[in-house]
Amino acid sequence: MKAALSEAEAAGLIFRNSLCRDRVGRTGVELEWFVVPDANPTRRATGEELASLARRFDTPLPSSGSVSWEPGGQLELSSAPHESLQSCVDAVAADLAVVQERARTEGMSLVGGGLDPRPPGFTVSLPRYQALRRYYARWGNGGDTLLCNTASVQINLDAGDASHGWRGRSRRWLVANALGPALMAMFANSPVGHGPEHEKETASSGRQLLRLRTDRLRSGPLPHHGDPRRTWTRYALDTNVVAIHRPVTDGTPLAWSPAPDGLSLRQWLRGAGPRDVRPEDVHHHLKSLVPPVRACGHLEFRMIDAQHADDWVVPVAVVAALMDDETTSDAAASLITDRVPQPTWQDWIVAAREGMAHPGTADVAERVVRLALAGLRRLEVSPAVIETVGLFAERHTLRGLAPAHLRCPRRTAVA
């Protein structure tokens with residue numbers, strides 16, 4: 001059995017692994033899709049139907065992407081890190097075409113959007129998901145919707161190094177977090193409306209609004225100033241533990257026991273939990289942390305809703321240009337200094353609710369997309385990628401719109 005950790009040892013483990021990929025330039029992405037039966041799009045695919053589809057992925061994808069499943073049966077296509085934005089786009093597009101074809105063979109379609117209007121239902125019952133379900137139940141009925149009915153484009157970029165310029169991890173953390181609300185609003189694609197007409201609330205990114213309101217510390221934004229590794233370490237130690245692994249001796253997988261209500265990792269390390277903390281407990285805890293920008297060795301952007309069809313390319317390209325082109329990164333940092341103060345939790349709420357309808361957010365988003373378009377040319381991506389981003393900007397961002405604004409709000413409750 002591995003030795004128990006002290007608080008200092010756990011803090012060191014978190015610090016060392018937070019932003020450890022100290023280079024720039026590689027791009028990866030995770031695309032989540034709702035799986036919809038063609039014969040009846042209002043019905044959720046059953047576990048048996050998803051299992052039949054999953055068996056089709058025993059054959060590797062052409063660009064070595066991997067397929068996994070979220071609690072409500074959302075399909076996630078994850079790429080490896082690619083040496084350039086263009087190679088990432090090409091590889092993911094090739095894999096996605098095969099995934100879509102295999103889904104069609106099973107009578108299914110992959111639908112892009114941030115929030116599924118169908119009633120939530122667990123069709124992938126892994127022990128980890130059941131533990132999360134029990135945990136989120138403490139915040140009311142929004143947990144099931146959060147786990148089963150949301151989908152995103154998650155963008156993964158290198159962490160950066162110890163330098164103070166555009167390659168430095170502190171700069172990259174600053175740009176990612178300070179511009180996060182504008183990116184969320186630009187790509188908001190989960191419109192909602194609920195409640196009686198006289199008190200109905202609407203949101204452009206109902207997915208992110210739901211996330212921000214469900215376990216505020218676990219899902220909320222982090223400060224963007226200072227050493228991001230220290231910021232992440234404090235955050236991880238002070239966030240509540242979802243569940244505690246209990247070893248089983250009969251050869252079955254590890255079981256999950258609910259953590260005591262309100263138990264943070266720091267409190268557990270100080271003796272408040274049911275047993276000592278081991279290294280694997282820290283790693284499991286880190287996987288459960290879901291702020292808008294996540295430090296998991298690399299930088300993971302989690303604030304962007306899933307997009308329609310091939311528009312997933314646009315947020316990947318915009319974020320990569322902001323982070324991985326020197327001139328664009330410098331301009332983004334200047335923009336932050338001039339126009340973007342430290343976003344508060346309430347700023348993120350406003351951005352999720354109002355999206356591009358908020359004048360200040362729309363102004364920052366317009367500047368961001370113009371910077372990104374210039375940066376993409378310097379990154380030497382294909383004309384097709386530049387055209388895709390340009391058309392999205394003309395259709396949405398430069399008109400003060402997001403994808404959500406071009407769709408009717410759905411009667412989907414936001415807790």
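**Close-up views of pockets, a cavity and a helix pair**

**View 1. Lining of the largest pocket.** The residues around the largest pocket comprise 20 nonpolar, 13 polar and 13 charged ones. The model shown here, as in the other views, is predicted. The volume of the largest pocket is about 1100 Å³. Its lining is made up of 46 residues, and those nearest the centre are Arg 128, Lys 287, Ser 288, Val 290 and Arg 294. Helix α12, which spans residues 279–287, gives the most to this lining, with 6 residues.

**View 2. The second largest pocket and the helices around it.** This pocket holds about 310 Å³ of space. It is lined by 16 residues, and Pro 181, Val 340, Asp 347, Gly 360 and Thr 361 are the closest to its centre. The largest share comes from α16, with 4 residues. By type, the lining of the second largest pocket has 10 nonpolar, 3 polar and 3 charged residues.

**View 3. The cavity.** How many cavities of 30 Å³ or more does a search of the whole structure find? The search finds 1. The space in the largest cavity is about 50 Å³. Its lining consists of Phe 34, Val 35, Arg 44, Ala 45, Leu 50, Gly 72, Gly 73, Gln 74, Asp 116 and Arg 118. Of these lining residues, 4 are nonpolar, 3 are polar and 3 are charged.

**View 4. Packing of helices α14 and α16.** Two packed helices are described by the angle between their axes and by the distance between those axes. For α14 (residues 326–339) and α16, the angle is about 165 degrees and the axes lie 9 Å apart. Angles over 145 degrees count as roughly antiparallel, and α14 and α16 are therefore roughly antiparallel to each other. Their crossing is right-handed.

**View 5. Residues in the contact of α14 with α16.** On the α14 side, the contact is formed by Thr 327, Thr 328, Ala 331, Ala 332, Leu 335 and Arg 339. On the α16 side, the residues are Asp 363, Val 364, Arg 367, Val 368, Leu 371, Ala 372, Gly 375 and Arg 378. The contact divides into 7 nonpolar, 3 polar and 4 charged residues.

How values were computed. Residues are numbered from 1 along each chain as its sequence is written. This is a predicted model: local features need pLDDT of at least 70, side-chain atom pairs count only at pLDDT 80 or more; totals for chains, interfaces and linings use all residues. Side-chain values use heavy atoms; hydrogens and water are left out. On a 1 Å grid over the protein atoms alone, a cavity is a set of points where a 1.4 Å probe fits but cannot get out, and a pocket is an open set with protein on both sides within 12 Å along at least five of seven lines; lining residues have an atom within 4 Å of a point. Grid points are joined across faces, edges and corners, and a volume is the space filled by probe spheres set on the points. Ala, Val, Leu, Ile, Met, Phe, Trp, Tyr, Cys and Pro count as nonpolar, Asp, Glu, Lys and Arg as charged, and the others, Gly among them, as polar. Helices (H or I, at least four residues) and strands (E, at least two) are DSSP runs, numbered from the N terminus. Axes are lines fitted to C-alpha atoms, for helices over the stretch in contact, and angles run from 0 to 180 degrees between N-to-C directions. Angles under 35 degrees count as roughly parallel, over 145 as roughly antiparallel, 65 to 115 as roughly perpendicular and the rest as oblique. A crossing is left-handed if the near helix is turned anticlockwise from the far one by less than a right angle, and right-handed if clockwise. Contact means heavy atoms within 4.5 Å.
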